[in-house]
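Colleague: I'd like to learn how to read a ligand site in a structure. Could you walk me through one?

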Amino acid sequence: MINKITELLKEINSLTLQTAEELEQYRLKYLSKKGLISELFEDFRNVAAADKKDVGQKLNQLKASSLEKFNLFKAHLETTQDISTGTDLTRPAFPHIIGSRHPISIVRNEIINIFTRIGFIVSEGPEIEDDDHVFTKLNFAPEHPARDMQDTFYISRISAEDSNPGDILLRTHTSSVQVRVMQGEKPPIRTISPGRVFRNEAISARAHCIFHQVEGLYIDENVSFADLKQTLLFFAREMFGKETEIRLRPSYFPFTEPSAEMDVSCRICGGKGCNVCKYTGWLEILGCGMVHPNVLESCNIDSQKYTGFAFGMGIERLAMLKYQVNDLRLYFENDIRFLDQFKTAF
Ligand code: DAH
């Protein structure tokens with residue numbers, strides 16, 4: 001009997017357990033009611049009285065150390081989370097780190113949403129454009145300073161001194177898409193064109209060489225300045241809240257006549273004056289006007305029959321106001337600490 005016990009003890013000590021299944025085999029073989037240790041306890045009854053004390057001690061030792069091995073390995077399995085141990089499958093999974101939309105995309109989508117609800121469709125044009133679509137057909141005089149190298153990134157210029165309709169450049173505004181739409185479609189036209197634009201500016205908190213605009217165009221018979229005003233008022237209230245007021249200030253753009261710049265009442269102070277609106281109560285958000293007859297004619301639209309309005313706004317500017325971001329560069333640096341803050345927006 002003593003021999004049997006010592007052999008079993010040796011056997012148990014030399015065992016290595018690795019999986020939950022092996023642990024269960026171990027339990028059945030040694031520790032269960034029908035296991036080898038129970039069997040030995042049965043045999044213990046027949047041990048001669050004189051040996052009982054000695055054998056009994058050894059047997060208890062065997063039982064204790066085999067149990068200890070069982071418990072130790074069980075605890076080990078639980079902490080290393082071997083899935084075969086019947087780990088709690090209802091435990092919540094590790095959180096998945098999901099990304100967020102870029103603030104520029106959020107604001108662009110919001111603008112698109114508002115205008116598509118009142119019948120505008122989305123149209124796009126190329127970022128690499130020619131002088132004709134960006135300037136000439138939009139009634140820019142040949143010597144207009146916007147064509148200057150200081151502002152425009154030229155890809156190829158036909159003549160070093162003079163601009164030419166065939167010059168290839170990066171578009172400086174999305175108004176070029178107006179021209180493409182008017183050339184390709186017949187009125188009524190109601191379209192917005194979001195996109196990237198490029199200007200040769202030194203990068204700072206307030207300026208960047210790449211930014212985004214949304215252009216709007218509405219051409220039909222009898223379109224008036226009142227239509228422009230109501231459309232933009234609707235937009236401003238959808239975008240900034242029902243209480244928002246708008247103000248149109250006379251301005252100049254070559255492609256519109258009359259032209260205006262639109263301000264919205266400051267949403268931060270409600271018009272009372274604060275440092276965001278520089279204590280004026282108003283924030284400038286876009287340029288607009290009635291499409292110049294020269295522009296209609298250059299795109300083969302009868303300016304006697306049709307009139308229209310156009311507007312253009314900078315997405316970064318709107319996003320800055322909406323989220324109170326004070327440095328344009330943040331939009332382009334892709335710093336995860338900045339982008340992470342837009343998780344709840346969509
Ligand atoms: N294209 C102008 C800009 O880049 C913005 C603009 C002003 C667009 C008036 C328009 C408009 O369509 O009517 O600053």
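Modeller: Happy to! Let's begin with the term we need: a polar contact is a pair of N or O atoms within 3.5 Å. Keep in mind that this is a predicted model. Here, an N or O atom in the side chain of H173 is 3.0 Å from a nitrogen atom of the ligand.

Colleague: How much of the ligand's accessible area does the protein cover?

Modeller: On its own the ligand has 350 Å² of accessible area, and the protein covers 89% of that. The ligand takes up the space of the largest pocket.

Colleague: Which elements give two or more residues to the shell around the ligand?

Modeller: Those are α7 (175-184), β6 (210-220), β9 (282-291) and β10 (307-314).

Colleague: And how many residues surround the ligand?

Modeller: There are 15, with H173, S175, R199, Q213 and E215 the closest. Sorted by class, the shell holds eight polar, five nonpolar and two charged residues.

Colleague: Now let's step back to the whole chain. Into which domains is it divided?

Modeller: The assignment gives domain 1 (2-86) and domain 2 (103-342). To place them relative to each other, look at their C-alpha centres: those of domain 1 and domain 2 lie 82 Å apart.

Notes. Residues are numbered from 1 along each chain as its sequence is written. This is a predicted model: local features need pLDDT of at least 70, side-chain atom pairs count only at pLDDT 80 or more; totals for chains, interfaces and linings use all residues. Side-chain values use heavy atoms; hydrogens and water are left out. A residue is near a molecule or strand if one of its heavy atoms lies within 4 Å of it. A polar contact is a pair of N or O atoms within 3.5 Å; within protein, one must be able to donate a hydrogen and the other to accept it, and residues adjacent in sequence count only if both atoms are side-chain atoms. Accessible areas come from the Shrake-Rupley method with a 1.4 Å probe; for residues, only the protein chains shown count as cover. On a 1 Å grid over the protein atoms alone, a cavity is a set of points where a 1.4 Å probe fits but cannot get out, and a pocket is an open set with protein on both sides within 12 Å along at least five of seven lines; lining residues have an atom within 4 Å of a point. A molecule sits in a cavity or pocket if more than half of its atoms lie within 2 Å of its grid points. Helices (H or I, at least four residues) and strands (E, at least two) are DSSP runs, numbered from the N terminus. Ala, Val, Leu, Ile, Met, Phe, Trp, Tyr, Cys and Pro count as nonpolar, Asp, Glu, Lys and Arg as charged, and the others, Gly among them, as polar. Domain bounds come from an automatic or database domain assignment.
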